Amino acid sequence: MDKNINTFVMRLKEWFSWHFPELARIITDNNIFCKAVRLIEKRDNINDELKEQLAEVVLDEDKAQEIIDAAKISMGQDMSEADVIQVKKFAERVVE
């Protein structure tokens, strides 16, 4: 089961990194990464208003600010709404 979960996380990181490549460098823990992706959904949603919720997920206020700062300058490509839905569902399944 752990092998399958790790494979799913690798795929999720791969897919989401096309959109927000900096996140995988900032969050190295697989479970926290999946929870963050589930919360964020897409890079455009990341702002100062999300900081408190993001800090709860990543367990570090400084890391939450680092994610917000990285989202502002990220060079990742845009995601369609269909992709956002699929990535979020995949993150939810991994967390469960």
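A search of the whole structure finds five salt bridges, where a salt bridge is a side-chain nitrogen of Lys or Arg within 4 Å of a carboxyl oxygen of Asp or Glu. This is a predicted model, in which local features need pLDDT of at least 70 and side-chain atom pairs count only at pLDDT 80 or more, while totals for chains, interfaces and linings use all residues. Residues are numbered from 1 along each chain as its sequence is written, and side-chain values use heavy atoms, leaving out hydrogens and water.

**View 1. The whole chain, for orientation.** Helices (H or I, at least four residues) and strands (E, at least two) are DSSP runs, numbered from the N terminus. The C-alpha trace spans about 35 × 30 × 20 Å along its principal axes. Of the 96 residues, 39% count as buried; buried means under 20% relative accessible area, exposed over 50%, and partly exposed in between (1.4 Å probe, protein chains only).

**View 2. Arg25 meets Glu66.** In this salt bridge the closest N and O atoms are 3.7 Å apart. Arg25 sits in helix 2 (residues 22-26) and Glu66 in helix 5, so the pair links distant parts of the chain, 41 residues apart. Arg25 is exposed, at 56% relative accessible area, whereas Glu66 is partly exposed at 36%.

**View 3. Lys88 meets Glu41.** Here the closest N and O atoms of the salt bridge are 2.6 Å apart. Lys88 belongs to helix 6 (residues 81-95), and Glu41 to the loop between helix 3 (30-40) and helix 4, 47 residues apart. Lys88 is partly exposed at 25% relative accessibility, and Glu41 is partly exposed at 24%.

**View 4. Arg43 meets Asp78.** Look for a salt bridge of 3.5 Å, N to O, between these two side chains. Arg43 lies in the loop between helix 3 and helix 4, and Asp78 in the loop between helix 5 and helix 6, so the pair ties together parts that are 35 residues apart in sequence. Arg43 is buried, with a relative accessible area of 8%, but Asp78 is exposed, with 62%.

**View 5. A negative patch on the surface.** Glu52, Glu56, Asp60, Glu61 and Asp62 gather here. Helix 4 (51-58) and helix 5 (61-73) each give two or more residues to the patch. Such patches are made of residues with over 30% relative accessible area and no salt bridge, like charges being joined within 9 Å. One member, Glu61, lies in helix 5 and is exposed, with a relative accessible area of 54%.

Key:
Patches are made of residues with over 30% relative accessible area and no salt bridge: like charges are joined within 9 Å, nonpolar side chains (Val, Leu, Ile, Met, Phe, Trp, Tyr) within 5 Å. Accessible areas come from the Shrake-Rupley method with a 1.4 Å probe; for residues, only the protein chains shown count as cover. Lys and Arg count as positive and Asp and Glu as negative; His and the chain ends are not counted. The place of a charge is taken as NZ of Lys, CZ of Arg, CG of Asp or CD of Glu.
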